[in-house]
Amino acid sequence: MECCLRQQEKEVKMENRKLALITGGSRGIGRAVALRLAKMNMDIVFSYRGGKEAAEETVKLCEEQGVRALAVQADAASREDCDRLTEEAAKFGNGRIDVLVNNAGITRDSLILRMTDEQFDEVISTNLTGVFYMLRPVSKLMLKQKSGRIINISSVAGVMGNVGQVNYSASKAGVIGMTKALARELASRKITVNAVAPGMIETDMTAAVPEKAREELTASIPFKAMGTVEDIAGAVAFLAGEESGYITGQVLLVDGGMCI
Ligand code: NDP
């Protein structure tokens, strides 16, 4: 009898499970977000570009939380890949996508005089056009559902600019503009659209910054410390959760005070 009840409880839990789609979930902030949302009992679909092994590890870590997880190879800069990713996610979620986290992003740093067209275009294609490619099909689905949460990962670079990052800062400021415009467009259906702007977070991306520059940057943070991927995942979880339903069009800075 007790066993039967437990089985029923499990089935109810599965039926009510939400589906979260995260771009660039194989490592870094995206993986931490996937794990955090899995802990909130959401099924997870995430994309990656080339790191298959890391993607498989993220799937395993999510499944250990008792949810279903799927990794899809899809380049954020490709419209076809973004459409396919959205289709696969909706199929995995029985027609639903409840949460979208646009996280995939790259840097190609250089001072303006040396920045090539390719460095500029690559960053804009992945970090800005790629977000648009996800927002369009997922908004269509969420409008039909009359519900959804969208969280775009921007950056402090998009708020205050950063030396050597004209391309990256433009892409991340663009993400903020897109977030605010879409928040207005989707508000009538109570779909929320917000941005999280991380400061300096310990990941492979910041590991590439030379040690001296990292030290100087860290010294400029009021907290005098870099943030962790869990700091960002916590902010995303809040914006994806039940208690933030009346918050839209906002930029949540998670930066140890960098932008005060
Ligand atoms: P990482 O470089 O550690 O991880 C990037 C993730 O995105 C990987 O899973 C990678 O997959 C994926 N990815 C990269 N390019 C593409 C692409 N074209 N298509 C699909 N997936 C792709 O980055 P972080 O975790 O540090 O950064 C995550 C986000 O947070 C980015 O948008 C970044 O700009 C932003 N951010 C990060 C900060 C930091 O200090 N770390 C500060 C502010 C913002 P694969 O391994 O397969 O390439």
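I take a polar contact to be a pair of N or O atoms within 3.5 Å. With that in hand, I opened this predicted model and started my notes.

**Entry: S78**

I looked up S78 and found it in the loop between strand 3 (69-73) and helix 4 (79-92). A polar atom of the S78 side chain lies 3.0 Å from the backbone nitrogen of D81, so I count the pair as a polar contact, being within 3.5 Å. Is S78 buried or exposed? I noted S78 as buried because its relative accessible area is 15%, under the 20% cut-off. I also checked S78 against A207: the two are 129 residues apart in sequence, and their C-alpha atoms are 27 Å apart in space.

**Entry: where the ligand sits**

Next I turned to the ligand, which I found in the largest pocket. Around the ligand I have 31 residues, and S26, R27, N103, Y168 and T203 come nearest. I sorted the shell by type and got 12 nonpolar, 14 polar and five charged residues.

Which helices each supply at least two residues of that shell? I listed helix 2 (28-39), helix 7 (166-186) and helix 8 (204-207). Helix 8 gives the largest share, three residues.

**Entry: contacts to the ligand**

I then went through some N and O pairs. A side-chain N or O atom of K172 is 2.9 Å from an oxygen atom of the ligand. From the backbone, an N or O atom of R49 lies 2.9 Å from a ligand oxygen, and one of A74 lies 3.5 Å from a ligand nitrogen. Finally I noted the cover: the ligand taken alone exposes 890 Å², and the protein buries 95% of that.

How values were computed. Residues are numbered from 1 along each chain as its sequence is written. This is a predicted model: local features need pLDDT of at least 70, side-chain atom pairs count only at pLDDT 80 or more; totals for chains, interfaces and linings use all residues. Side-chain values use heavy atoms; hydrogens and water are left out. A residue is near a molecule or strand if one of its heavy atoms lies within 4 Å of it. A polar contact is a pair of N or O atoms within 3.5 Å; within protein, one must be able to donate a hydrogen and the other to accept it, and residues adjacent in sequence count only if both atoms are side-chain atoms. Accessible areas come from the Shrake-Rupley method with a 1.4 Å probe; for residues, only the protein chains shown count as cover. On a 1 Å grid over the protein atoms alone, a cavity is a set of points where a 1.4 Å probe fits but cannot get out, and a pocket is an open set with protein on both sides within 12 Å along at least five of seven lines; lining residues have an atom within 4 Å of a point. A molecule sits in a cavity or pocket if more than half of its atoms lie within 2 Å of its grid points. Helices (H or I, at least four residues) and strands (E, at least two) are DSSP runs, numbered from the N terminus. Ala, Val, Leu, Ile, Met, Phe, Trp, Tyr, Cys and Pro count as nonpolar, Asp, Glu, Lys and Arg as charged, and the others, Gly among them, as polar. Buried means under 20% relative accessible area, exposed over 50%, partly exposed in between (1.4 Å probe, protein chains only).
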